[in-house]
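Colleague: I would like to go through this model feature by feature. Please give me the general idea each time, then the case at hand.

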Amino acid sequence: MGLADLHIHTIYSYDGTAPVAAVLDRAKAVGLNVIAITDHDEIKGSLKAFDLAPRFGIEVIPGLEITTAEGDLLALFVTEKIEPNLSLIGTLMEVGEAGGICIAPHPMARGMGMKSLSRASIARAMEHPEASRILLGIETYNATALDRESNVHAQALADEHPDLTQVGSSDAHTLQTIGLGATEFLGYPAANLLDALWIGATEVRRGAQLGSARILGSWALNYVLSTPARAAVID
Ligand SMILES: [Zn+2]
């Protein structure tokens with residue numbers, strides 16, 4: 001079985017704190033064999049991770065977390081930036097053009113400036129004949145969600161849409177939280193994971209869910225410490 005964490009941020013995210021090499025090292029150490037680097041509206045860290053990955057014995061799926069007009073959206077298997085602030089369906093079509101697929105992260109969750117897709121937005125996309133072929137997954141476990149109820153809402157929404165494959169992820173903005181949520185799939189390479197996303201053959205792995213005070217406190221400390229590193233990579 002393969003184990004993937006498909007939602008990880010690096011210092012190439014405005015709110016990330018971990019350098020790319022440290023993320024790869026940590027991901028390998030906690031037993032993941034596939035990860036996706038999904039920085040907010042930025043692809044550089046993900047491409048860097050993709051290049052460095054073989055040295056760490058781990059596979060990286062290039063991608064990003066796109067700010068759509070309707071909420072955040074994870075795009076995987078893309079190697080270019082996708083324009084932010086388009087409608088959800090418009091963004092899904094762009095990702096499809098770029099050869100990628102999407103996952104709805106932390107649906108309906110609220111928290112510190114976070115905008116998440118609503119039940120209505122997801123339902124509209126799933127009724128769209130083409131967009132629904134790009135939106136393959138839904139994050140039913142987000143290990144660092146500050147809104148503790150959000151995973152319950154996400155699970156209820158997933159139950160309404162059996163065509164969406166369930167994934168678990170960390171949404172890690174710090175090294176320490178990588179792998180606390182993960183997705184198990186049959187096979188090992190990322191190509192098997194893509195197949196599993198298509199046919200709904202995944203298992204959500206739930207690690208320790210830390211309290212929101214601990215998550216925020218650790219992030220704030222790491223954020224301050226990583227300010228010079230982040231400034232050096234963000235234009
Ligand atoms: Zn995120």
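Colleague: Is Asn142 buried or exposed?

Modeller: Burial is read from relative accessible area: buried means under 20%, exposed over 50%, and partly exposed in between, with a 1.4 Å probe and protein chains only. Asn142 has a relative accessibility of 1%, so it counts as buried. Asn142 belongs to strand E6; strands (E, at least two residues) and helices (H or I, at least four) are DSSP runs, numbered from the N terminus.

Colleague: What are the ground rules for these values?

Modeller: The model is predicted, so local features need pLDDT of at least 70 and side-chain atom pairs count only at pLDDT 80 or more, while totals for chains, interfaces and linings use all residues. Residues are numbered from 1 along each chain as its sequence is written, and side-chain values use heavy atoms, with hydrogens and water left out.

Colleague: Which residues does Asn142 touch, not counting those up to four places away in sequence?

Modeller: A contact means heavy atoms within 4.5 Å. By that rule Asn142 touches His7, His106, Asn151, Ser169, Ser170, Asp171 and Gln209. Its side chain also reaches the backbone nitrogen of Thr144 at 3.2 Å. That is a polar contact: a pair of N or O atoms within 3.5 Å, where within protein one must be able to donate a hydrogen and the other to accept it, and residues adjacent in sequence count only if both atoms are side-chain atoms.

Colleague: Which residues are the protein donors of the zinc ion?

Modeller: Donors are N, O and S atoms within 2.8 Å of the metal (3.2 Å for Na, K and Ca); water is not among the atoms, so sites may look incomplete. Here the protein donors are His7 (NE2), His9 (NE2), Glu65 (OE) and Asp171 (OD), at 2.1 to 2.3 Å from the zinc ion. Along the sequence they are spaced H-x1-H-x55-E-x105-D. His9 sits in the loop between strand E1 (2-8) and helix H1 (20-29), and Glu65 in strand E3 (residues 59-68), so this pair ties together parts that are 56 residues apart in sequence. Both His9 and Glu65 are buried.

Colleague: What is the arrangement of the four donor atoms around the zinc ion?

Modeller: Four donors count as tetrahedral if all angles lie between 85 and 135 degrees; four count as square planar and six as octahedral if opposite donors are over 155 degrees apart and all others between 65 and 115; anything else is irregular. The angles at this zinc ion run from 78 to 170°, which makes the arrangement irregular.

Colleague: Now a helix. Which residues of H5 are buried?

Modeller: In helix H5 (residues 150-160) they are Ser150, Asn151, Ala154, Leu157 and Ala158. Seen down the axis, these buried residues fall within an arc of 120°, so they line one face of H5; the arc is that of the directions from the helix axis to the C-beta atoms. On the other side of H5, Val152 and Asp159 are exposed. The cover over the buried residues of H5 includes helix H4 (119-127), strand E6 (135-142) and strand E7 (165-169).

Colleague: And where is His161?

Modeller: His161 is in the loop between H5 and E7. At a relative accessible area of 14%, His161 is buried. Leaving aside its neighbours within four places in sequence, His161 is in contact with Ile122, Ala123 and Met126.

Colleague: How many salt bridges does the whole structure hold?

Modeller: Side chains of opposite charge can pair when their charged atoms come close. A salt bridge here is a side-chain nitrogen of Lys or Arg within 4 Å of a carboxyl oxygen of Asp or Glu. The search finds four. One of them joins Glu160 and Arg119, with the closest N and O atoms 2.7 Å apart. That pair links distant parts of the chain, Glu160 in helix H5 and Arg119 in helix H4, 41 residues apart. Glu160 is partly exposed at 41% relative accessibility, and Arg119 is partly exposed at 37%.

Colleague: How does the pair of Glu70 and Arg124 read?

Modeller: Glu70 forms a salt bridge with Arg124, the closest N and O atoms being 3.1 Å apart. Glu70 is in the loop between E3 and strand E4 (71-76), and Arg124 is in helix H4, 54 residues apart. Glu70 is buried, at 19% relative accessible area, whereas Arg124 is partly exposed, at 45%.
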